[in-house]
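Morning, everyone. I'd like to walk you through one model today. Please look at the sequence and the structure first.

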Amino acid sequence: MSSSSAIQAVRGMNDVLPDEIAYWQHIETIWRRLMTQYAYQEIRFPLVEAASLFQRSVGETSDIVEKETYTFADRNGDLLTLRPEGTAVCVRALVQHSVLQQQPVQRLWYMGPMFRHERPQKGRYRQFHQLGLEAFGMHGAAIEAEILLLTTRLWQELGLSALFKLQINSLGTPGTRAAYRAALVAYFTQHHAQLDEDSQRRLDKNPLRILDSKNPAMTAVLQNVPQMTDYLDEVARAQLNQLCAYLDKAGIAYEINSRLVRGLDYYTGLVFEWVTEHLGAQATVCGGGRYDNLVAELGGPASEAVGFSIGMERLILLLQAQQNLSSPVPDVYLLNVGELAEQNALKLAEDLRLALPDLSLLVHCGGGGFKSQFKKADKSGAKIALILGDDEAKQTTVTVKYLREEREQVTVPQYEMVEFFKKELGLRIED
RNA sequence: GUGGCCGUAGCUCAGCUGGUAGAGUGCCUGACUGUGACUCAGGUUGUCGUGGGUUCGAGCCCCAUCGGUCACCCCA
């Protein structure tokens, strides 16, 4: 433990050190490739927004806005909020720039940190990272199926398919949702005595949320609760069936969970979650749904929309449990001992890097004898130690020593090194 | 915001019913003065998270506080 005077990171905000970075980059690389394959475009937007954006979109009564946002006054008194999620910000950006008027159909993705002031626990932090995707201007189940196929592909590419289950539900239209909500309130009011403390509180605020209570004492009441699917109108039911047909055809297993609700107010129609049993209490790695009214509510043209977000940290926990990724190591560690060698090492390295763009070459800096430089070469993980001592420097040669295999070391003229590495490491040469 | 568990060397941890700190690993040096990884020998590190209390005496007991972790609420 470090001394008490050292400054630490803010609670719930984590550093990602180099030995962990391979997992992030692996996911990001696959994600970018997928997004290109499916023809989604990246969008970037600020971390800080007007506080009112989230009150109007995520919902004033939602816990996220009520007690979990980082909200503070700017120097001029404006209330600002560190974004707790991406969807509302994405919509704000599209509305502000009139993007949907010019091109109503949009397939977009984003990636970056989000902020919620909650107590940290496994897979949940105050600054966390989401991969998100939003598709605009498309009605029907096809686009819904597309994004579920796409997430399925992502799990496959990451080798995590076996860990995930897909749950889907439909929240219906605003009309049917209100009717269902009324029925729920009536039911729960009738059984008020059986509700736990949390659920009693939720009864007037957000009765839908009582449905996914984790309290075992609530299972009895929830057993006979009115089913959301019974309240869907024809259109919503047909669309859910159509989505199921698409998923069946693609061979994607799913479960219709009529108690699946989501905490953000803007959802309409489809909601879904990819859940896992391998992350303790944090089952949801990817959650999303349709939000056909949000664009208009934020001042844009009426526009249907569907999207989801993935919790990066949660995905990484799964990935780490599944496979070991190590950070890349240099191909070559260039030792230089002696005055003449030290003077020539950087130039030699520059020439090699220029000619061999794929070569990862680490030049030893900071002096030291052969022994200590070799120790560092070994620890760097490099396959090859390139030795530039005074003898080599005088003769414009360099000695190649193999650190990971039993082979004689060889001394080679410096002008032959490009060709040597090309053969030895299978590298391409810059023309 | 609420609750359980945990804070001893850079890391992983040991430390008896209270008697003023230890191992492994890492790191540095040497054996091998131009050769790592293996072996051997030496060296190196702590306000025992912090503050207070009890005691002749606290790493150990008590209180507070901070941090970590897991869970609740909520969510990715």
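Let's start with one side chain. F72 is partly exposed, at a relative accessible area of 36%. Partly exposed means between buried, under 20%, and exposed, over 50%, with a 1.4 Å probe and protein chains only.

A word on the ground rules. This is a predicted model, where local features need pLDDT of at least 70, side-chain atom pairs count only at pLDDT 80 or more, and totals for chains, interfaces and linings use all residues. Residues count from 1 along each chain as its sequence is written, chains are lettered from A and ligands numbered from 1 in the order written, and side-chain values use heavy atoms, without hydrogens or water.

Back to F72. Together with L47 and V48, F72 forms a nonpolar surface patch of about 220 Å² accessible area. Patch members have over 30% relative accessible area and no salt bridge; nonpolar side chains are joined within 5 Å, like charges within 9 Å. A salt bridge puts a Lys or Arg side-chain nitrogen within 4 Å of an Asp or Glu carboxyl oxygen. Areas are Shrake-Rupley values with a 1.4 Å probe.

Where does F72 sit? In strand β3, residues 70-73. Strands are DSSP runs of E, at least two residues; helices are runs of H or I, at least four.

Now the sheet. Its three strands run in the order β2-β4-β3, open and antiparallel. β2 and β3 are the edges, each with a single partner, so one side of each has no neighbour in the sheet. Neighbouring strands are turned by 35° on average, direction ignored. Pairing takes at least two DSSP bridges. β2, residues 48-50, and β4, residues 79-82, share three bridges. Here E49 faces T81, and A50 stands opposite L80.

On to another sheet. Five strands form it, open and mixed, in the order β13-β12-β14-β15-β16. The twist averages 25° from one strand to the next. β14 and β15 run antiparallel, joined by four bridges, and I384 stands opposite Y402.

Which helices lie across it? Helix α13, residues 339-355, lies across β12, β13, β14 and β15, at about 165° to β13. Helix α14, residues 370-380, lies across β12, β14 and β15, at about 170° to β12. Contact means heavy atoms within 4.5 Å. Angles run from 0 to 180 degrees between N-to-C directions of axes fitted to C-alpha atoms, for helices over the stretch in contact.
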